[in-house]
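Subject: Handing over a structure

Hi there,

I am passing this structure on to you, and my notes on it follow below.

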Amino acid sequence: MPRTVWYPGHMAKGARKLSELVSKLDVIIEVRDSRAPSSTSSPLIKSLSKYTQQKPVIHVLSRKDLADPEKLQLWLNGLKHTYSADLRKREGLANIRRAVMDFKPKHREVRLAVVGIPNVGKSLLLNLLAGKSSASVGNIPGITKSVSWYRNDGMLIVDSPGILDPHAEAGAHMILSWLGCAKAEVVGGWENAALSLIRFLTERSMTELIPVKTETETDGDDVPALTEILERIGRRYGCLISGGRVDTELAGRKFIEAFSSGKLGRFCLEVPKGEKAVDFAQRAFNFAERCSAAVKTIYAGE
Ligand SMILES: Nc1nc2c(ncn2[C@@H]2O[C@H](COP(=O)(O)OP(=O)(O)OP(=O)(O)O)[C@@H](O)[C@H]2O)c(=O)[nH]1
Ligand SMILES: [Mg+2]
């Protein structure tokens with residue numbers, strides 16, 4: 001049984017450090033991914049309010065450029081103090097800066113922390129606010145490992161490591177792995193993550209995001225149909241091993257990477273007040289585990 005929770009030491013340490021300094025802050029920026037604003041919310045926001053009085057929180061939905069614009073608008077209509085942004089193009093930055101400066105005390109700089117789960121764009125946002133590329137940015141989860149302060153005209157900003165919920169359900173990690181915010185190893189590997197994503201997309205009629213034909217029946221727990229789709233993906237991406245068989249682990253990785261980077265199209269996995277994608281992902285996770293076990297049994301029996 002693979003480990004289903006990813007909470008290494010730097011996350012625990014980061015959470016502790018943030019709790020120590022939260023009383024000094026004027027405002028917190030929480031960064032979430034526009035494509036799943038509920039599942040990518042930070043577990044820290046709730047826990048930090050335990051340490052001091054409630055702090056104002058500005059929500060930034062990053063990767064607006066990769067999200068379905070209509071579904072994203074539903075989130076923006078329903079959430080207060082929320083700004084969407086394409087941080088790579090600096091779109092939405094002026095609004096975020098204005099919102100932060102509203103909390104600036106008269107006689108000193110405004111103190112803020114940028115928090116969120118891994119790989120949502122915290123350090124990139126910090127660099128844009130600070131006006132320099134001081135914090136390391138990279139497209140794998142877990143780049144920032146410590147809590148650090150940065151200063152710019154009128155702002156004292158804390159960058160923090162991406163921190164996940166140590167008590168999260170396996171499904172919560174599954175959906176994060178599809179978005180590149182959690183490692184696939186945590187949810188049983190790339191094949192497992194890809195099979196559950198294929199199931200999610202087929203059941204939601206979002207098959208335009210799958211780079212091969214999916215006309216095979218996928219009702220119920222139809223194991224061969226999903227594995228067949230993953231094998232087609234593997235053949236499309238050239239993931240072949242001896243005997244012309246598909247390396248399904250590599251195929252899963254290539255598929256998830258293309259999906260999370262937006263190469264397969266824009267999407268939102270959640271809409272407000274709908275079925276939470278994380279609930280679905282939990283079921284998909286359970287299914288994918290059984291599914292990949294079945295595949296291994298087939299290979300072992302050959
Ligand atoms: N397309 C797109 N990419 C973005 C956006 N915001 C951030 N990224 C990319 O997302 C990746 C992660 O950015 P980081 O700033 O390192 O994320 P982080 O939240 O600090 O990650 P950790 O330190 O690992 O927790 C980088 O490759 C960024 O270029 C955005 O709005 N649009
Ligand atoms: Mg970072």
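Around ligand 1 there are 25 residues, and G121, S123, N139, T144 and G162 come nearest; a residue is near a molecule if its C-beta atom, placed from the backbone, lies within 6 Å of it. Helix α5 (residues 122-130) gives the largest share of this shell, 3 residues. Sorted by class, the shell holds 10 nonpolar, 10 polar and 5 charged residues. Here Ala, Val, Leu, Ile, Met, Phe, Trp, Tyr, Cys and Pro count as nonpolar, Asp, Glu, Lys and Arg as charged, and the others, Gly among them, as polar.

Please keep in mind that this is a predicted model, where local features need pLDDT of at least 70 and side-chain atom pairs count only at pLDDT 80 or more, while totals for chains, interfaces and linings use all residues. Residues are numbered from 1 along each chain as its sequence is written, and chains are lettered from A and ligands numbered from 1 in the order in which they are written.

How confident is the predictor? The mean pLDDT of the protein chain is 86, and 85% of its residues reach 70 or more; pLDDT is the predictor's confidence in each residue, from 0 to 100. Confidence is highest in helix α9 (residues 248-260), at a mean of 97, and lowest in helix α10 (residues 277-301), at 45. Over residues 290-302 pLDDT stays under 50, and the model has 11 contacts for them beyond four places in sequence. Two residues are in contact if their C-beta atoms, placed from the backbone, lie within 7 Å.

The protein chain has 10 helices and 8 strands; these are DSSP runs numbered from the N terminus, with helices being H or I of at least four residues and strands E of at least two. Of its 302 residues, 42% count as buried. Buried means that 20 or more other C-beta atoms lie within 10 Å of a residue's own, exposed means 12 or fewer, and partly exposed is in between, with C-beta atoms placed from the backbone.

The largest nonpolar core has 72 residues, of which V60, V114, A193, A194, L197, I198 and I256 touch the most other members. Such a core is a set of buried Ala, Val, Leu, Ile, Met, Phe, Trp, Tyr and Cys residues joined through C-beta atoms within 7 Å. Helix α7 (residues 190-203) supplies the largest share of this core, 8 residues. At least three core residues come from each of domain 1 (9-159) and domain 2 (170-301), with bounds from an automatic or database domain assignment. Leaving out residues up to four places away in sequence, I198 touches I210, L226, I229 and L230. R199 also lies in helix α7 and counts as buried because it has 24 C-beta neighbours inside 10 Å.

A few loop residues are worth a look:

- R63, between β2 (57-62) and α3 (69-78), has a positive phi of about 60° although it is not a glycine. R63 is buried, with 26 other C-beta atoms within 10 Å.
- S205, between α7 and α8 (223-236), has a positive phi near 55°. S205 counts as exposed because it has 7 C-beta neighbours inside 10 Å.
- G92, between β3 (82-84) and α4 (93-101), is partly exposed, with 18 other C-beta atoms within 10 Å. Beyond four places in sequence, G92 touches K64, Y83, S84, A85 and D86.

Best wishes
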